[in-house]
Amino acid sequence: MFGEGGLGGVQGHRDAVAAESRRFVAVLEGVDLSASVPGCPGWTLLDLVRHTGSVQRWFSVLLRSNIQEPPATRAVELELPERDDAYGAWLAASADLAARAFAEVDLDAPMWTWGADPYARFWVRRMLYETLVHRVDAESALGLPSVIEPALAADGVDEFLVNLPFATPFAPGVARLRGRGEVIRFRAADVGREWLVQLRPDGFGLVGAWDGRAVDASVQGSAADLLLLLYGRVGRDFGGFAVAGDGELLERWFANSAF
């Protein structure tokens, strides 16, 4: 079932959105929001906070509307604060709006999503990793260490790989991920989970658990490092990875899987 991910299903994702939002808000206390964000070139920390809170508010509107087709607009009332030092409270309020939406709508109801899971719960899981990755971005901008719980990171890897084939409307490079049956293996050694992605002439997607057969390329590391690798926050040369196999295949994958 989509959305289980070892976190207790949709309730686990709801709780994690709240926890990640609190962590993000805590990072913002007393900091200079003009700092640049390495993970989002061209953005300041203020841009990052505005984006994260705006996404939380937009997703909340989508959930309450129970939309059944792609929305015509992303316009939503943002209630942006006038002072930079109020943005932490604004982000906290955005998370509160999301939490109320989660509590008041049927998260197992069918609705339009851009990804693999055509139910309202998709937006909770998507919001979780949008918030988590940008929390890490904020910490990176401020030179702070980041911690991602292994089970949460593994669920994030799964969410990314499950939905990536559907991301072409806003990530056009994904359409170039085609092949002749080549398989890339991603393994999170610390939690004992792995994902096999097969590139086919008509597209790509996850295939069953590894059974010992040869793969064309593999990347192994901790779940947290794999999550940040897939989101382009670290490179394959990061010290925590064991990389093997077809380097050109991996280059093609990472050049076209930007989310």
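1. In this predicted model, helix α5 (residues 150–163) packs against helix α6 (residues 223–230) at an angle of about 35°, and the two axes are 8 Å apart. The crossing of α5 past α6 is left-handed. On the α5 side the contact is made by Pro150, Ala153, Ala154, Gly156, Val157, Phe160 and Leu161. On the α6 side Ala223, Ala224, Leu226, Leu227 and Leu230 take part.

2. The length of α5 can be checked.

3. How many of the 14 residues of α5 are buried? The count is 12, so the helix is largely enclosed by the rest of the structure. Among the buried residues are Leu152, Val157, Phe160, Leu161 and Val162, but also Asp155, Asp158, Glu159 and Asn163.

4. Aspartate 158 deserves a separate look. This residue lies in α5 and has a relative accessibility of 16%; because the cut-off for buried is under 20%, aspartate 158 counts as buried. Leaving aside residues up to four places away in sequence, aspartate 158 touches Arg125, Arg193 and Trp195.

5. The sheet comes next. Five strands form an open sheet in the order β3-β2-β1-β4-β5, and the pairing is mixed. At its edges are β3 (203–207) and β5, each of which pairs on one side only. Neighbouring strands are turned by 15° against each other on average, direction ignored. Helix α5 packs on this sheet, where it touches β1, β2 (193–200) and β3, and its direction makes about 15° with that of β2.

6. Strand β4 (residues 217–221) has four of its five residues buried, so β4 is largely enclosed by the rest of the structure. What joins β4 to β1 (residues 182–188), and in which direction do the two run? Five bridges join them, and they run parallel. Across this pair, arginine 187 stands opposite glutamine 220 of β4. Towards β5 (residues 242–245), β4 is joined by four bridges, and that pair runs antiparallel. There valine 219 has valine 243 of β5 as its bridge partner. As a general point, strands of a sheet pair through backbone hydrogen bonds, in either a parallel or an antiparallel manner.

7. Is arginine 176 buried or exposed? Arginine 176 is placed in the loop between α5 and β1. Its relative accessible area is 54%, and because exposed means over 50%, arginine 176 counts as exposed. With residues up to four places away in sequence set aside, arginine 176 touches Arg252 and Asn256. With asparagine 256 there is also a polar contact, side chain to side chain, at 2.8 Å.

8. Arginine 176 and aspartate 211 are 35 residues apart in sequence, and their C-alpha atoms are 27 Å apart in space.

Key: Residues numbered from 1 in each chain as written. Predicted model: local features only at pLDDT ≥ 70, side-chain atom pairs only at ≥ 80, totals over all residues. Heavy atoms only, no water. Expected span 1.5 Å × (residues − 1). Buried < 20%, exposed > 50% of the residue type's maximum accessible area, 1.4 Å probe, protein only. Pairing = 2+ DSSP bridges. Contact = heavy atoms within 4.5 Å. Polar contact = N/O pair within 3.5 Å; in protein donor to acceptor, adjacent residues only side chain to side chain. Axes fitted to C-alpha atoms, helices over the stretch in contact; angles between N-to-C directions. Left-handed = near helix turned anticlockwise from the far one by under 90°.
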